[in-house]
Amino acid sequence: MEEKGRLERLDKLLALHLGISRKEAGSLVRKGHVARNGVPVRRPEEKADPENDVLTVQGTPLRLQKHVYLMMNKPQGVLSASQDPKAKTVVDLLPPELSRRGIFPAGRLDKDTTGLLLLTDDGDFAHKMLAPRSHVWKLYQAKLDGPVGTGEQNLFREGLRLPDLTCLPAELLLPPGEENGSHTVQVRIREGKFHQVKRMFKGVGRTVLELKRLQIGALLLDETLAPGEAKPLSPQEAQLVFQPFPDEKGQF
Ligand code: URA
């Protein structure tokens, strides 16, 4: 018997795969620009099976992805979780056209941390990205309660030994001209233990006042995304997380 995948509304599928709003997608359908398996469809609420149906838009086949990958600019005060009985989560922030059943954040940022967060419904991708052996590099920008300089840079490079955590070698990036001490620095780490960056700075006597993730592997946060906004990524873009940083020196 032919295997049936899950059915999704046409306007939702089109919005997700074309990066347009659900309203715009509905209008494409109503104008007769969309066909399912060669047969024109006119009602946006009709459904399609993303794994088995072929949708065409003005005759061009749409490549329906099996999985969805989203980049979010996480705002402060929101939990990196799918659901929470009390607090607002990053999944709660997704507009309906980007939301899909089973979507979850691939990795966690603390509630007060901002910046690059990936969301997906691809468990294998998330598992690989988060596996300690993958050593995926992450770049953070930290605002501190006091200056750090080349002394701390050396400690980070050697691998910090904290009472409860021995860290892999990490790179502390100081803005040019501020090598003797800067309150705003960047740090590149290739592990992701609970509160890792905050614990590392605590280990050298500093408190992190603000933390923002800028990059995962070769994937950079799209700074045009407003806090809380998300955009779809192609599977190829999502795979950039597994590549090394394009610029070994970081961004300063
Ligand atoms: N390290 C932290 O301390 N917090 C984060 O949110 C991410 C990395």
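Modeller: Let me begin with the naming of elements: helices (H or I, at least four residues) and strands (E, at least two) are DSSP runs, numbered from the N terminus. On that basis Val 204 is found in the loop between H5 and E15. The model is a predicted one, in which local features need pLDDT of at least 70 and side-chain atom pairs count only at pLDDT 80 or more, while totals for chains, interfaces and linings use all residues. Residues are numbered from 1 along each chain as its sequence is written, and side-chain values use heavy atoms, with hydrogens and water left out.

Colleague: Why does Val 204 count as buried?

Modeller: Buried means under 20% relative accessible area, exposed over 50%, and partly exposed in between, with a 1.4 Å probe and protein chains only. Val 204 has 16% relative accessibility, and therefore counts as buried. Not counting residues up to four places away in sequence, Val 204 touches Glu 152, Leu 155, Phe 156 and Leu 160, where contact means heavy atoms within 4.5 Å.

Colleague: Why is Thr 56 called buried?

Modeller: Thr 56, whose place is in strand E5 (residues 55–57), has a relative accessibility of 16%, so Thr 56 counts as buried. Leaving aside neighbours within four places in sequence, Thr 56 is in contact with His 33, Val 34, Ala 35, Pro 61 and Leu 62. For the protein as a whole, 47% of the 252 residues count as buried.

Colleague: Which residues of helix H5 are buried, and what covers them?

Modeller: In H5 (residues 196–203) the buried residues are Gln 196, Val 197, Lys 198, Met 200 and Phe 201. Their cover includes strand E10 (138–148), helix H4 (150–158) and strand E11 (161–162), together with strands E13 (171–173), E14 (182–189) and E15 (208–216). After H5 comes Gly 205, with a positive phi near 85 degrees.

Colleague: How do you know which residues surround the ligand?

Modeller: A residue is near a molecule if one of its heavy atoms lies within 4 Å of it. The residues surrounding the ligand are Leu 109, Asp 110, Thr 113, Tyr 140, His 195, Gln 196, Val 197, Lys 198 and Leu 211. H5 gives the most to this shell, with three residues.

Colleague: What makes Glu 223 and Lys 212 a polar pair?

Modeller: Their side chains are joined by a polar contact of 3.1 Å. Glu 223 lies in the loop between strand E16 (219–220) and strand E17 (230–233). Leaving aside neighbours within four places in sequence, Glu 223 is in contact with Lys 212 and Leu 214. Glu 223 and Gly 115, although 108 residues apart in sequence, are 8.8 Å apart in space, C-alpha to C-alpha.

Definitions and conventions:
Polar contact = N/O pair within 3.5 Å; in protein donor to acceptor, adjacent residues only side chain to side chain.
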